[in-house]
Amino acid sequence: MIDGEGKKILVIQTHGVETPRRTYSPLFYAMAAAAMEMDVMVWFTMDGTNQLKKGAAEKVQLDPTSDVTLKTMLEQAMESGVKLRVCQQSMALWKMQKEDLIPGVEILGATSIIDLALEADHVMYF
């Protein structure tokens, strides 16, 4: 097994609440990388942005027999040290303001994603 400790992982999430099956995996992999002592950031852009709107993630439940919602996954990701960032331009697309975001999410401009990708050891795109 490769030692990933200290590596930087950038996860780009482009899918939103309208495709629930595409929302969980990026967070699951991000938490796995954080558990392996990696520096992990999930960048939400395009439709992925709507996951971060207050009240939206509570409505997404992948397994109807479980109490785990997308909100649960987002909270667990942040608790495990995963940084959640959102694309400022995508927020405009969804007519969202900073106060519409769940707590703990930071806004970055589109040029930031290029810098982040260049600085990351690995980029995962969903």
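Visitor: Is E37 buried or exposed, and what is its relative accessible area?

Guide: E37 is exposed, with a relative accessible area of 52%, where exposed means over 50%, buried under 20%, and partly exposed in between, using a 1.4 Å probe and protein chains only. This is a predicted model, in which local features need pLDDT of at least 70 and side-chain atom pairs count only at pLDDT 80 or more, whereas totals for chains, interfaces and linings use all residues. Residues are numbered from 1 along each chain as its sequence is written, and side-chain values use heavy atoms, leaving out hydrogens and water.

E37 sits in the loop between α1 (24-35) and β2, the helices (H or I, at least four residues) and strands (E, at least two) being DSSP runs numbered from the N terminus. Although E37 is not a glycine, its phi is positive, at about 65°.

Beyond β2, M46 also deserves a look, for it lies in the loop between β2 (39-44) and α2 (70-79). M46 is another residue other than glycine with a positive phi, here near 50°, and it counts as partly exposed because its relative accessibility is 45%.

Q13, in strand β1 (residues 8-13), counts as buried because its relative accessibility is 1%.
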